[in-house]
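Have the model open as you read.

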Amino acid sequence: MNNETGAAPSVPVITIAEAARHAGETVRLNGWLYNLRKSGKIVFPIIRDGSGLMQCVAVKSNLPEDVFEALKGLTQESSFTVTGKIRAEQRAIGGYELDVESAAIFQRVPEDRPYPITPKEHGVDFLMDHRHLWLRSRRQHAAIRVRHEVIKAIRDYFDSHGFTLVDTPIFTPAACEGTTTLFEVDYFEDEKVYLTQSGQLYNEANAMAFGNVYCFGPTFRAEKSKTRRHLTEFWMVEPEMAYADLEDVKRVAEELIVYIVGRVLENRREELKTLERDISKLESVKAPFPRISYDEAVKNLQGKGSEIQWGGDFGNTDETLLTEDWDRPVIIDRYPTEIKGFYFQPDAVRPELALGVDIIAPEGYGEIVGGGQRIHDLQLLEKRLEEHHLPREAFEWYLDLRRFGSVPHAGFGMGVERFVAWMCGLEHVRETIAYPRMLYRTRP
Ligand code: 4AD
Ligand code: MG
């Protein structure tokens with residue numbers, strides 16, 4: 001931006017996060033009004049710039065009359081810029097203050113239409129309707145910054161462990177995760193096309209080309225369930241490994257989770273504090289995670305009074321009950337084939353079990369990872385497609401992977417929003433993504 005504050009052109013524009021490096025220097029900050037306190041001939045605007053908060057000290061006798069009056073009349077979320085000297089001040093938010101030498105207002109929010117989000121309690125629907133503004137609030141801002149760290153940690157993990165990023169398409173002709181949650185796209189002329197539920201099928205092809213791969217992007221589920229864990233559009237990271245089995249999935253997923261939690265603890269302490277997260281709950285997330293079979297999980301649940309029968313899927317309450325004995329995520333494997341996707345390799349000894357694995361986060365955050373070993377045998381896969389009434393033509397290319405150098409392979413998917421909700425200790429996944437999409441929420 002050009003210099004509109006009357007300050008010398010050499011004044012560096014910095015962000016509040018960089019303040020420590022500029023103590024004693026005159027700098028310029030660009031931001032929005034977070035709060036304003038007045039005390040006689042001094043006003044204290046707290047400026048918010050997206051990287052932090054800083055209290056400015058504007059003394060009437062040091063400033064031109066109009067500048068002082070403009071600062072004094074600032075309303076919440078008005079945009080302005082200030083120039084002044086940074087000074088360490090232990091008692092101030094963030095540990096620094098800025099002594100104002102000049103300032104300019106870009107847009108003053110008028111009194112007759114004030115910023116709609118005030119410190120008073122608002123209902124969640126109101127806040128969600130104002131999500132485009134709500135993101136400026138401290139807790140929302142903190143959650144999104146935790147999300148950024150989670151995503152960066154995921155990418156760093158795979159990038160430094162020999163995985164090649166190969167992103168998969170969003171428009172797909174075939175269902176990966178069952179036909180009940182498919183979004184149909186009415187546009188393409190010759191065939192039915194859906195929004196992807198998972199990049200897995202393409203990942204399998206990519207693994208045969210590159211060895212270890214991952215894809216990372218938005219995925220879609222026409223979820224009729226209106227729960228605190230479900231979005232219709234969510235982000236999923238999916239690694240896939242050639243010459244790998246169920247045990248490899250457990251090992252990599254566990255290592256990945258421990259790594260991400262470590263990174264969040266290392267780089268997002270402030271945000272976790274803002275969110276009032278009990279950090280001890282995250283500090284206990286260390287390897288090894290408990291590993292139990294579906295059989296054991298069912299027995300465990302029945303012992304706790306759950307209605308679950310062998311063959312049934314775990315509900316939200318079951319998942320919460322399952323993790324309460326441990327302080328870290330629980331790895332559950334070998335589910336009944338009946339309740340799993342068409343692509344799972346059966347257990348060699350008990351073919352009624354699928355070599356699938358779920359990882360359940362503690363504290364009621366539910367399933368964060370789902371994956372397993374894929375069928376590598378052509379005939380068996382053909383049979384499964386039929387049993388699941390999946391259109392053979394759409395899967396011909398997928399069958400090719402079993403015709404041309406088929407190998408045991410395995411992978412998993414991890415949902416970003418559930419992971420972030422767990423890190424932040426948030427009640428609902430809707431606050432972990434900037435613009436959540438749910439059954440009853442497609443705006444803003
Ligand atoms: O268990 P899911 O359905 O597994 C798959 O899609 C596999 N094809 C992945 C693979 O093996 N490559 O989904 C994986 C994860 C879940 O554990 C959960 O974290 C998240 O994706 N997830 C959702 N997150 C938010 N809202 C929803 N509706 C979700 N559905 C799944
Ligand atoms: Mg699952």
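## Pockets, cavities and packing

The second largest pocket has 26 residues in its lining, and I117, T118, P119, S137 and R138 are the ones nearest its centre. β1 makes the largest contribution, with 4 residues.

Before going on, a word on where this comes from. This is a predicted model, in which local features need pLDDT of at least 70 and side-chain atom pairs count only at pLDDT 80 or more, while totals for chains, interfaces and linings use all residues; side-chain values use heavy atoms, with hydrogens and water left out. Residues are numbered from 1 along each chain as its sequence is written, and chains are lettered from A and ligands numbered from 1 in the order in which they are written.

A few terms next. Pockets and cavities are found on a 1 Å grid over the protein atoms alone: a cavity is a set of points where a 1.4 Å probe fits but cannot get out, a pocket is an open set with protein on both sides within 12 Å along at least five of seven lines, and lining residues have an atom within 4 Å of a point. Grid points are joined across faces, edges and corners, and a volume is the space filled by probe spheres set on the points. Helices (H or I, at least four residues) and strands (E, at least two) are DSSP runs, numbered from the N terminus.

Back to the second largest pocket, which has a volume of about 740 Å³. By class, its lining has 10 nonpolar, 8 polar and 8 charged residues. Here Ala, Val, Leu, Ile, Met, Phe, Trp, Tyr, Cys and Pro count as nonpolar, Asp, Glu, Lys and Arg as charged, and the others, Gly among them, as polar. The chain is assigned domain 1 (16-107) and domain 2 (131-432), with bounds from an automatic or database domain assignment. Each of these domains gives at least three residues to the lining of the second largest pocket. The C-alpha centres of domain 1 and domain 2 are 46 Å apart.

What about the largest pocket? Its volume is about 1,300 Å³. It is lined by 49 residues, and E177, R221, E223, K340 and E367 are the closest to its centre. Elements that supply at least two lining residues each include β11 (233-242), α10 (316-323), β14 (353-361) and α13 (416-424). By class, the lining of the largest pocket has 17 nonpolar, 17 polar and 15 charged residues.

| Cavity | Volume | Lining by class |
|---|---|---|
| Largest | about 60 Å³ | 5 nonpolar, 4 polar, no charged residues |

T172, A174, C176, T196, Q197, S198, L201, Y202 and W397 line the largest cavity. The second largest cavity is lined by residues including R228, R229, E427 and H428.

On to the helices. Axes are lines fitted to C-alpha atoms, for helices over the stretch in contact, and angles run from 0 to 180 degrees between N-to-C directions. α4 packs with α13 at an angle of about 120°, their axes 10 Å apart, so α4 and α13 are oblique to each other. Angles under 35 degrees count as roughly parallel, over 145 as roughly antiparallel, 65 to 115 as roughly perpendicular and the rest as oblique. The axes of α4 and α6 (residues 246-267) come within 9 Å and cross at roughly 135°, which means that α4 is oblique to α6 as well. The α4 and α13 crossing is right-handed, and the crossing of α4 and α6 is right-handed too. A crossing is left-handed if the near helix is turned anticlockwise from the far one by less than a right angle, and right-handed if clockwise.

Finally, some backbone spots. The peptide bond from A287 to P288 is cis, with omega near 0°, and P288 is found in the loop between α8 (280-283) and β12 (291-293). Another cis peptide bond joins R443 and P444, with omega about -5°; P444 lies in the segment after α13. E77 is not a glycine, yet has a positive phi of about 70°. Look for E77 in the loop between α1 (65-72) and β4 (79-88).
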